[in-house]
Protein chains: 2
Amino acid sequence: MNRKVEQWDMFELSVKGPAEGNPFTDVTFSATFKQRERSIEVPGFYDGAGTYKVRFMPGEQGVWTYETSGNLSELKGLSGEFECVAPAEGNHGPVKVSDTYHFAYADGTPHDSVGTTCYVWTHQGDELEELTLRTLKKAPFNKMRMCVFPKHYLYNNNDPLSYPFEGSREEGWNFTRFNPEFFRHFEKRVDDLRNLGIEADIILFHPYDNGRWGFDKMGMEVNIRYLRYLIARLSAFRNIWWSMANEYDLMGNMSIDDWDVIIQTVAEYDPYDHLRSIHNCGPFYDHNHSLLTHVSVQNSNLRGILQWREQYNKPVVVDECAYEGNLGYVWGNVTEQEMTRRFWEGFLSGGYVGHGETYVHPDEILWWSKGGELHGQSPDRIAFMKEIMESVPREYREPVTFQPHWENSPCIGKEGEYYLVYFGIHRPAVKYLELTKDRKYKIEIINTWEMTVTPLEGIYDANSNVELPGKQYIALRIQKT
Amino acid sequence: MNRKVEQWDMFELSVKGPAEGNPFTDVTFSATFKQRERSIEVPGFYDGAGTYKVRFMPGEQGVWTYETSGNLSELKGLSGEFECVAPAEGNHGPVKVSDTYHFAYADGTPHDSVGTTCYVWTHQGDELEELTLRTLKKAPFNKMRMCVFPKHYLYNNNDPLSYPFEGSREEGWNFTRFNPEFFRHFEKRVDDLRNLGIEADIILFHPYDNGRWGFDKMGMEVNIRYLRYLIARLSAFRNIWWSMANEYDLMGNMSIDDWDVIIQTVAEYDPYDHLRSIHNCGPFYDHNHSLLTHVSVQNSNLRGILQWREQYNKPVVVDECAYEGNLGYVWGNVTEQEMTRRFWEGFLSGGYVGHGETYVHPDEILWWSKGGELHGQSPDRIAFMKEIMESVPREYREPVTFQPHWENSPCIGKEGEYYLVYFGIHRPAVKYLELTKDRKYKIEIINTWEMTVTPLEGIYDANSNVELPGKQYIALRIQKT
């Protein structure tokens with residue numbers, strides 16, 4: 001047996017077949033992968049020029065066999081095997097929900113989702129796209145929200161280099177024929193992210209078409225064909241998350257029933273059950289939907305996470321809480337301090353927060369949609385926060401009340417044992433502790449903006465008065481000794 | 001006729017009578033003031049040492065006659081007259097509700113309520129009290145929230161110089177006998193405020209007794225006697241507002257029915273119908289109560305004003321939105337920028353906002369309760385804001401929507417004519433106007449922190465792109481030309 005594939009890497013079978021007619025609609029092709037009692041049927045796809053492919057992400061080590069099916073004799077009954085070997089360092093498998101409100105990779109490694117957004121970075125040409133990748137390599141982000149379809153919108157006036165369908169804007173699209181080159185490019189970028197350890201949170205639909213191409217109103221038959229094709233191509237990438245839509249509620253052509261069909265389609269055709277979400281502008285989608293794995297929302301109130309955790313009983317990711325920048329819109333002009341503050345507030349409310357950047361740029365290259373370079377000062381602080389969060393033991397990652405007051409400060413930990421509490425814009429010069437009695441505590445002052453951790457000398461009682469810097473953006477870590 | 005009294009100033013009649021027994025409970029004394037068909041009965045009070053007084057604030061110019069009543073022959077049937085003359089400059093009369101959501105003095109002059117809080121400044125001795133008055137003389141505040149009863153609380157460990165009742169903490173209070181000297185001192189300070197053009201928002205009850213004196217749990221019979229005595233003494237001051245309580249909901253001894261009796265008592269015995277409110281810690285009192293004249297609340301969400309205006313149809317004053325300072329509590333440690341921001345946000349949401357200051361002080365002299373000096377930087381900015389607000393014509397003082405977006409920026413004005421919009425922590429470097437078409441506009445950039453007003457050159461169309469400073473705390477005034 002020659003072929004070896006790492007666990008959670010991709011096995012790809014490529015077969016030659018007919019190029020005539022419309023292979024996208026006329027030909028069916030799939031394969032069933034087996035290991036002992038395990039059997040998984042995986043959809044294949046037509047990759048153009050008479051090439052048919054099926055991709056598989058093995059979730060278990062050991063020997064796997066496969067056999068193809070299809071409606072053409074030359075594509076069916078093909079069989080073979082490969083060995084799935086241990087994952088290399090850095091390959092932790094796909095991300096799943098863990099402990100109700102959190103995420104972990106398939107190998108159990110916790111995933112602290114620290115996302116960013118470059119909606120259409122894969123449509124900008126290699127030069128800018130590779131700059132984006134170099135930027136990401138130095139950045140703290142482990143998730144990227146990105147659209148399949150191009151965007152026509154404020155600061156997004158350039159057309160993409162290729163399109164998902166045959167045809168053209170001027171002459172119309174042939175929605176029955178995909179453009180494999182478009183998807184190959186997109187996949188290459190997903191693969192680039194995988195190599196950087198970054199999850200691709202793929203936005204399947206979005207409203208920013210604004211009459212230019214019509215990809216936001218193709219009708220449900222085309223929508224579902226597109227989804228099946230995309231899923232067949234992409235689901236074997238371990239770093240895929242599915243976001244049904246960005247700002248679903250702005251897509252006037254789609255009903256709640258349509259979205260339900262889309263969610264069901266994704267759940268049905270993806271053999272690996274990658275994470276599924278749907279993102280709002282205004283009103284949230286009903287995240288109690290059993291096929292949505294987590295809450296992905298837009299909202300500037302990070303303390304809302306406390307409520308949404310209760311309401312939906314799922315991890316809460318505030319993917320858009322505003323962007324660091326200086327545009328003319330409230331969603332795109334918060335300071336670096338405020339962006340950082342929202343991360344701390346969200347994480348210490350038991351959720352996850354997404355970054356974005358929208359500085360006015362002479363060439364209209366805004367990170368938020370095109371990628372490129374980061375100009376802001378929040379990413380370094382987000383990296384610092386991520387490091388702190390990763391140092392918090394899992395059992396202390398749930399919200400607790402630290403000194404109930406008029407407004408509670410965001411805090412995670414465990415009563416009497418561990419508190420990581422954040423004061424945000426408030427700037428105490430002194431803090432009277434009122435902790436569980438008969439215990440001793442050690443305290444560190446974390447300056448989340450200056451990125452310092454300063455242990456306080458001595459051991460503190462439950463009722464100590466602690467002197468603090470009297471600055472904004474301070475957190476305290478208080479641990480029972 | 002010798003005696004002349006300014007309109008809305010105080011006429012005081014002082015009569016000698018018995019000092020024996022308990023004149024506070026045994027003697028009734030009042031006077032009826034008449035002018036043509038107008039007749040007002042005004043309660044009198046015992047001021048100690050055999051002196052009985054009745055005070056009257058004439059609301060109309062011209063000759064007034066009076067005749068006393070009472071249950072003692074030497075106090076009843078006394079009569080006389082005085083002439084009420086035009087008010088001097090700076091005397092605008094008492095403040096009333098105006099145009100549903102606003103305030104104006106009796107002479108029609110608008111009152112833009114810009115309050116501050118020094119809860120027990122009148123209990124600190126003359127030296128500090130006079131320092132407070134000198135500070136107020138230079139400050140922008142035209143309302144002072146202040147308690148009758150002393151305060152025993154965090155940073156308030158000193159006892160007052162005198163008490164409202166005979167007796168002592170150690171030996172108990174005689175709740176049937178008031179201490180006139182205490183009230184004379186309190187009145188002197190109310191008078192000092194009147195001379196500075198400052199309204200005294202008098203807090204009748206508060207929960208910060210904490211078992212020291214028991215003034216928060218005297219029982220309703222004593223409460224009502226105290227109210228009647230206070231009203232008889234104070235209501236003829238034109239600069240009085242009545243606040244039933246601070247943080248009424250923290251006074252466990254008082255039921256909602258008790259508060260209702262208190263509101264009714266104040267309304268019934270005050271001949272002048274001074275403004276009446278009741279202030280919360282957590283849940284708001286039901287401000288739909290017909291005898292409450294305005295909404296006085298504690299809340300950090302100034303945008304809530306929009307809702308509370310609708311809900312209660314009264315002026316909304318957020319008397320506590322937090323204090324500039326550096327204490328260990330979220331209510332007492334916001335920055336000077338944030339204090340200022342909350343003022344702008346509140347005023348441009350169609351409400352009024354109160355200031356306060358709580359910086360840690362070596363001698364525990366915090367403005368918020370004891371007065372003294374101001375150390376913060378928000379008062380200058382509040383003065384600047386007040387000046388801007390006073391320049392806004394009354395018809396443009398209502399909230400309007402300026403470019404509906406994800407979150408609306410606070411704005412007052414009138415659609416297509418006038419906008420005063422505030423961007424708060426947001427820092428646009430550019431703003432695309434989307435105003436009523438076919439009109440031309442002139443624009444001023446107001447830097448609310450740096451206190452500058454910069455008119456932009458030229459005239460703008462409804463769809464102009466305006467370059468902005470890209471800083472926080474910017475407001476724009478946009479006026480149709």
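**Exercise 1. Work out which parts of domain 1 of chain A face domain 2 of chain A, and how many residues are in contact.**

Step 1: start with the count. 16 residues of domain 1 of chain A are in contact with 16 residues of domain 2 of chain A; contact here is C-beta atoms, placed from the backbone, within 7 Å. Before going on, note that this is a predicted model, where local features need pLDDT of at least 70 and side-chain atom pairs count only at pLDDT 80 or more, while totals for chains, interfaces and linings use all residues. Residues are numbered from 1 along each chain as its sequence is written, and chains are lettered from A and ligands numbered from 1 in the order in which they are written.

Step 2: find the elements. Helix H1 (23–26), strand S4 (38–46) and strand S5 (51–56) of chain A each bring at least two residues to the domain 1 side. S4(A) gives the most, with five residues. Helices (H or I, at least four residues) and strands (E, at least two) are DSSP runs, numbered from the N terminus.

Step 3: sort by class. That side of domain 1 of chain A has nine nonpolar, five polar and two charged residues. Nonpolar covers Ala, Val, Leu, Ile, Met, Phe, Trp, Tyr, Cys and Pro; charged covers Asp, Glu, Lys and Arg; the others, Gly among them, are polar.

Step 4: In chain A they are domain 1 (4–85), domain 2 (95–390) and domain 3 (394–480), with bounds from an automatic or database domain assignment. The C-alpha centres of domain 1 and domain 2 of chain A lie 28 Å apart.

**Exercise 2. Trace the seven-strand sheet of chain A: what is the strand order?**

Step 1: read across. The order is S1-S7-S6-S3-S4-S5-S2, in an open sheet with mixed pairing; two strands pair if DSSP finds at least two bridges between them.

Step 2: look at the ends. Strand S1 (4–6) and strand S2 (11–16) of chain A are the edge strands, each pairing on one side only.

Step 3: zoom in on one pair. S6 (residues 62–70) and S7 (residues 79–85) of chain A run antiparallel over six bridges, and A:Tyr66 sits opposite A:Gly80 in S7(A).

**Exercise 3. Check strand S6 of chain B: which strands does it pair with in the antiparallel sense?**

Step 1: take one partner. Strand S3 (residues 29–35) of chain B pairs with S6 (residues 62–70) of chain B over six bridges, antiparallel. B:Ala31 has B:Thr68 in S6(B) as its bridge partner.

Step 2: take another. S6(B) also pairs antiparallel with strand S7 (residues 79–85) of chain B, over six bridges, and B:Thr65 faces B:Glu81 in S7(B).

Note on methods. Contact = placed C-beta atoms within 7 Å.
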